[in-house]
Amino acid sequence: MGDLSALEARGEQQVEETDEHEELKSELISVGQYFDALIQSHLADEMTIYLKIIGSAAYYLANMPGSSIVLAKSLVYKTELLTDTNLEGILIWVLKSNFEEDWYRVKETYLTQAIDDVGYATRSFFGLTLDAQSFKQKIQALRNEVYEKGSDRELLFADIISSILLRKLENSSIVCLPKYTQIPIKQWLSVIVKPKFVQEFWPAQRLLGDQGVFSGVSAVVQMPTSAGKTKSTELIIRSSFLSGRSDVAIIVAPFRALCREITATFEQAFESEDVNINELQDVLDISASDDELIRLLIGETEQDGLATKSIVVTTPEKLVYLLRHEPALADSIGLLIFDEGHQFDTGRRGVTYELLMAYLKSRVGDDVQKVLISAVMANANSIGEWLNGETGIEIQGAGCLPTVRSTAFASWQTAIGQLQYIDQDREADRDFFVPRVIEQINLGTRGRERNARLFPAKNDNPSVAAYLGVKLCHQGPVAIFCGVKSTVTSICELLVDYYERGLPLPPPSTSSEQSELDKIAYLSSLHFGDEFILTRSISLGILPHSSNIPNGIRVSVEWAMESNKSVLVVCTSTLAQGVNLPIRYLVVSSTFQAGQEITTRDFHNLIGRAGRAGYHTEGSVIFADTDVFDKRNDFRERWRWQRAMHLLDFTNAEDCASSLLNLISSFDFAALNVDVIQFIANPGGYRQICIDVGNQNAIDISSLLDQMDYKEALIEAIESYFLSYLKDNPGASQTFFDELAQGTLAYFLSDENQKHQLRAAFSLVAGRVLSVPEEKRAFFGKSLLGLKNLFLIENWLDENWGEIAQAPSSGEVLLICWPLLSQLNNNKMFLKIKPKDVILEFAKLWISGTSYADLHGHLVQSGVYYQAGSQQRTIKMDHVVDLADGAISFDSMLYVGAIADVAEGKGLADDVLELLRSLQTRLKLGLSNRLEMWLYSQGYVDREVCKRLGSVLNGQGVDSDVFDSDILKTYHQVVSECIGEFPSYFSG
């Protein structure tokens with residue numbers, strides 16, 4: 001480190017290009033790791049301050065500023081002296097980089113004045129009152145003074161101070177912004193002085209700058225999680241706004257949780273600026289606020305106040321919906337950012353995302369900057385060529401690793417297990433293992449149990465994972481990854497049971513903030529009841545996170561982990577869906593995800609969550625399956641080890657494919673000769689033919705029907721998109737749809753045969769859509785459904801028009817529409833709950849705000865069961881949540897929205913349309929009145945919170961249907977008291 005610091009401190013030109021310099025930099029990562037490990041081992045506690053200083057400096061000079069910050073934050077400004085001049089005082093100050101604070105000074109030494117000069121110069125430069133050349137002179141003067149009179153340690157510190165400050169100068173926003181954006185520094189002044197704006201560019205941001213992204217170049221960017229993606233996105237938006245290239249930036253993110261995180265971050269970043277931040281609600285309806293935003297963006301209304309720029313954060317589905325209702329919105333877009341942009345091969349959602357991008361690509365023009373960002377995308381070059389053509393570039397940022405990541409395997413070959421770490425060459429590192437990590441605990445028996453409960457149980461992956469989680473969480477936050485959501489519940493259940501049996505390991509709650517856990521547990525009790533397993537596990541600090549957890553609890557868990565209020569989360573792949581929690585240990589209980597082996601791409605997206613920059617210097621990925629390591633040399637069993645090695649190798653990541661290609665892929669069913677193009681030509685008729693042939697020949701075609709269901713969902717997505725286009729372009733011909741096929745990612749990635757089939761498929765679908773009478777296209781095109789269901793809805797409306805036109809309430813509309821909703825709904829949970837007629841009452845209870853606990857009680861009392869093949873299974877809470885959140889909240893909501901779209905087109909009265917739209921939102925949110933639904937739209941994204949807050953406001957005389965939009969301000973005191981009982985997320 002001394003050599004590299006001296007080399008840089010001398011200020012030699014083109015130092016960056018020398019082989020010696022690059023070699024020294026690469027070695028510094030190991031240096032930082034060594035000092036870091038020595039600190040944590042407590043083998044040299046008398047040297048801790050020195051080790052932290054040198055470790056932090058080593059990480060910084062190795063281009064890992066996040067890890068440098070972690071060690072620097074643990075240092076105090078005033079420490080015991082390491083040199084007579086306390087040169088380390090200014091070094092600590094420089095490493096901590098909070099230049100508003102004062103460095104610790106020792107008066108009356110030969111260096112006091114030179115140290116002060118450097119400190120004041122640093123503060124002045126970053127305060128924009130000193131030029132770079134004068135700053136460099138002060139740095140050089142300090143170094144010269146030390147070289148003339150200093151001790152060996154002072155020489156080392158002086159070189160480190162000099163090299164770090166010279167790096168900070170070159171990487172500073174003051175230097176980088178005009179250099180990379182081509183915008184003069186004076187236009188950035190009001191932004192640079194904001195406390196939370198980037199003070200210096202991290203490696204990933206410099207890479208984007210070097211490639212021209214901050215000056216308007218379109219790009220596909222592959223960047224590791226935690227490398228500074230959010231700050232980079234902010235810089236892209238700011239430079240686009242300041243340069244005048246755009247007034248409206250659209251950020252498309254595939255998950256609601258990611259949309260929330262982006263919105264919250266930008267609300268802080270752009271606070272008090274003339275920029276609107278809008279997160280669109282994920283209800284497929286045009287709300288009053290949505291309509292107001294659209295009118296603003298397309299220039300039909302003026303914004304009150306000063307805001308002249310807009311950032312819109314949305315899911316693909318919501319943006320598609322808005323564009324269908326207001327196509328002119330596309331003309332206002334000046335910047336498009338696609339976050340987590342590898343989601344093209346996720347079934348129907350992937351088709352929607354791809355067709356949205358294909359539409360925007362053709363609609364917004366080449367001058368609009370388009371940036372697609374993903375942590376893992378093996379074929380980024382191909383995606384970039386498709387999206388941006390020759391004008392765009394592909395940026396590979398895989399080398400910008402923000403932290404070091406280690407990999408360990410649980411090993412249990414003797415009475416006491418350990419963690420075996422592997423080196424970078426995927427070989428077992430015999431010099432690096434953690435002994436005595438797994439010590440089996442006998443918890444005895446209960447009641448009639450014959451065998452003692454042992455924890456963890458050998459060869460039981462969830463048990464080992466749970467053990468490692470509660471053992472390691474006191475050293476740093478842990479996430480236990482589960483392949484299926486049922487495992488989340490079972491691990492929580494296991495740990496609650498064992499703690500009740502007297503498990504002697506301290507629960508995670510002892511390293512968490514109990515008051516916050518109690519608030520989350522309280523919210524869980526409102527949803528599920530006091531005795532439900534998740535309520536009890538949360539109280540112990542074992543937090544669940546999966547798609548089966550209510551939205552309010554999920555966001556509260558994310559906030560608690562993010563804010564260091566809790567240390568253990570048990571989760572499914574929801575963790576990998578963009579939410580960047582500060583996890584130190586990721587314990588992998590299984591490499592299977594929903595019954596399928598996890599892909600290398602998804603695995604790397606998942607493990608990218610371990611070791612967040614600025615929070616931890618290292619992230620550890622730990623495989624809980626002891627057979628992986630222990631049987632790696634067994635010929636018959638070593639496949640697990642080989643599979644793990646394959647997953648860990650980033651170069652094995654699968655290409656980002658297109659779900660449209662799945663449409664034309666052959667059916668995997670050897671028993672019948674099934675033609676995919678004939679199926680696309682007539683899905684319903686061809687399906688029936690296959691069913692008849694199967695029945696005649698006693699062939700089980702259930703797997704074929706599943707494949708047909710999947711392809712039909714893709715066909716519906718394409719039909720829906722085509723209808724949307726025809727709505728706004730009634731004169732479009734078959735030729736347009738052929739050109740559209742040739743503009744898709746699927747076509748771009750295809751061979752000649754696939755291209756022919758894709759064009760044939762699009763031609764068949766276009767033929768059906770073009771046969772729809774022109775007067776129907778206007779309202780068919782607003783929906784997200786395919787032709788079969790739209791015609792079904794239209795026919796039903798014709799037959800039931802009189803009844804629905806007389807409906808007095810949204811609840812009555814549900815009763816009238818229910819036979820149609822039952823016919824349309826193919827949700828698997830909806831079909832497996834028996835007897836089926838109970839589901840209507842379930843839906844009525846759901847929209848009246850009934851809790852999951854009471855919904856479960858209702859189903860049990862009604863004798864409902866879950867039909868699993870030939871077995872009748874008892875209803876569990878997971879079934880209740882699946883039915884409510886899937887079949888009712890999403891599917892039924894979608895169908896009611898389509899009914900409203902078709903009814904509006906056919907001239908249904910406005911008051912009844914309003915009832916349909918109200919029912920749509922009630923189904924989505926599970927709430928009973930306008931006040932509760934309005935509260936949800938204000939950011940209180942949990943039905944139990946909205947119910948309680950609505951009740952409190954009712955007590956103040958606020959009407960549930962007619963109220964003023966200022967009520968939260970008017971009744972601020974009672975609102976604060978009410979919200980104070982809930983998780984802190986809702987008080988933010």
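In this predicted model, I833 stands opposite Y866, a residue of strand β21. That facing pair belongs to a stretch where β20 and β21, the latter covering residues 865-868, pair in the antiparallel sense over 2 bridges. The sheet is an open one of 3 strands, in the order β20-β21-β22, and its pairing is antiparallel. Because β20 (833-834) and β22 each have a single partner strand, they stand at the edges, and one side of each is left without a neighbour in the sheet.

With a relative accessible area of 43%, R873 is partly exposed, and together with K828, K832 and K876 it forms a positive surface patch.

Going back to β20, the chain passes into the loop between β20 and α38 (838-847), where P835 lies. The peptide bond that joins K834 and P835 is cis, with omega at about -10 degrees. Another cis peptide bond runs from F455 to P456, with omega near 0 degrees, and P456 lies in the loop between β12 (454-455) and α19 (461-472).

The loop between β12 and α19 also holds N459, which has a positive phi of about 60 degrees although it is not a glycine. N459 is exposed, since its relative accessible area is 57%. A positive phi, of about 65 degrees, is likewise found at N63, which is not a glycine either. N63 sits in the loop between α3 (48-61) and α4 (65-73), and with a relative accessible area of 23% N63 is partly exposed.

Terms used:
Residues numbered from 1 in each chain as written. Predicted model: local features only at pLDDT ≥ 70, side-chain atom pairs only at ≥ 80, totals over all residues. Heavy atoms only, no water. Patch = residues over 30% accessible without salt bridge, like charges linked within 9 Å, V, L, I, M, F, W, Y side chains within 5 Å. Areas by Shrake-Rupley, 256 points an atom, 1.4 Å probe, with all protein chains shown as cover. Salt bridge = Lys/Arg side-chain N within 4 Å of Asp/Glu carboxyl O. Lys, Arg positive; Asp, Glu negative; His and termini not counted. Charge placed at Lys NZ, Arg CZ, Asp CG, Glu CD. Buried < 20%, exposed > 50% of the residue type's maximum accessible area, 1.4 Å probe, protein only. Pairing = 2+ DSSP bridges. Helix = DSSP H or I, 4+ residues; strand = E, 2+ residues; numbered from the N terminus.
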